[in-house]
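Here is a short report for a reader new to this structure. Take a look at the model first, then read on.

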Amino acid sequence: MRVHEFVCFGKAPGEGNPALVIEEGNSNPGWRRALARERGLTCVFVDPIAAPDSASASVAVLDYVYPHMRSPLCLHATLAAAQLLFERHGSGAPLTVQTAMHGQPLVLSRDGENVFVRLARQEAPPLELDTVLPARLLAAPDLVLASAPRVLSVGSPKLLLEVADAETLHGLAPDLALIHVWGRNAGVNGCYAWCRSGEGEVEGRNFNHLEPALEDSATGVAAGALTLLLGQGLKVRQGRAAGQACLIRTALEGDAVLVGGLVSRSASPVT
């Protein structure tokens, strides 16, 4: 087994959200969950294609495992895996991988110092949303949203909740247990609260963990969903509440959404 640690979506090289990329690891799901819990980090297992063919052209299967659950898609871990695969295959041409849980194809590319994942809009649950539900989920009975709540997906559905400003955003103390139960029943992977901070720039926070200390520093799938919602490329700032500021860059290319940012190897030794 070979383990590599990368930091992704950093504002500068060496900064960002950490992920472990694991090659030649045990394929047992229980073993993978135990390893993620032991390391306390998001893990992405890079598995060879069982029966490669020219139709798929995929170079690997990516299996995402958090310390508390397996996930269908994790974009910061995808960027980490992409950096390793570009080291293995060269960074001149895009590479295609597929996700382990849903077989979703992902095209990986580089643009200067940034690594990107190309995604398509995915089907999201057709939910009827009112103004009462967001206030309950965010434990803010007097909350007035700045726009209507929406559920959109580029691989993991998010409930997008626009609040008035950064002060409101960082004053939120949501009901994480209620979000967890509602999301499980609705088929939605948590809430993403966000606000506008400038032309083409937003700031956000992701709520889908039961422990406040596990709040994400960067949530690429939410940035992709926001790009679909707003119909433009964005700079998405996240992580201030988690003490680890990150910057996600997105772009639109026709019907596709590109989500990416800086990726670098961690300075911390991996054992």
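Is Ala-139 buried, partly exposed or exposed? Ala-139 is partly exposed, with a relative accessible area of 43%. Here buried means under 20% relative accessible area, exposed means over 50%, and partly exposed lies in between, with a 1.4 Å probe and protein chains only.

This is a predicted model, in which local features need pLDDT of at least 70 and side-chain atom pairs count only at pLDDT 80 or more, while totals for chains, interfaces and linings use all residues. Residues are numbered from 1 along each chain as its sequence is written, and side-chain values use heavy atoms, without hydrogens and water.

**Backbone angles and exposed residues**

Ala-139 sits in the loop between α3 (132–137) and β9 (150–152). Helices (H or I, at least four residues) and strands (E, at least two) are DSSP runs, numbered from the N terminus. Ala-139 is not a glycine, yet its phi is positive, about 55 degrees. Most residues other than glycine have a negative phi. Glu-24 also has a positive phi, near 60 degrees. Glu-24 lies in the loop between β2 and α1. Its relative accessible area is 55%, so Glu-24 is exposed. Arg-37 belongs to helix α1 (residues 29–39). Arg-37 counts as exposed because its relative accessibility is 52%.

**Strands**

Two strands pair if DSSP finds at least two bridges between them. β10 (residues 158–162) and β11 (residues 191–198) pair in the parallel sense, over four bridges. Glu-162 stands opposite Trp-194 in β11. β11 and β12 (residues 201–207) run antiparallel, joined by seven bridges. Here Cys-195 faces Glu-203 in β12. β11 and β12 form a hairpin with two residues between them. In its turn, Gly-200 has a positive phi of about 70 degrees.

**Cysteines**

A disulfide is a pair of cysteine sulfur atoms within 2.5 Å. The structure holds zero disulfides. For Cys-195, the nearest cysteine sulfur is that of Cys-191, 16 Å away. Cys-195 is buried, at 1% relative accessible area. The sulfur of Cys-246 lies 8.8 Å from that of Cys-8, its closest, which is too far for a bond. Cys-246 is buried too, at 2%.

**Cores**

A nonpolar core is a set of buried Ala, Val, Leu, Ile, Met, Phe, Trp, Tyr and Cys residues joined through side-chain atoms within 4.5 Å. The largest has 49 residues, and Phe-9, Val-21, Tyr-64 and Leu-119 have the most contacts inside it. Its largest share, nine residues, comes from α2. A second, separate core of 21 residues includes Ala-140, Leu-172, Ala-186 and Cys-191.

**Pockets**

On a 1 Å grid over the protein atoms alone, a pocket is an open set of points where a 1.4 Å probe fits, with protein on both sides within 12 Å along at least five of seven lines; lining residues have an atom within 4 Å of a point. Grid points are joined across faces, edges and corners, and a volume is the space filled by probe spheres set on the points.

| Largest | About 460 Å³ | Thr-42, His-76, His-209, Leu-214 and Asp-216 |

The elements that give two or more residues to the lining of the largest pocket are β2 (17–23), α2 (75–89) and α6 (220–230).
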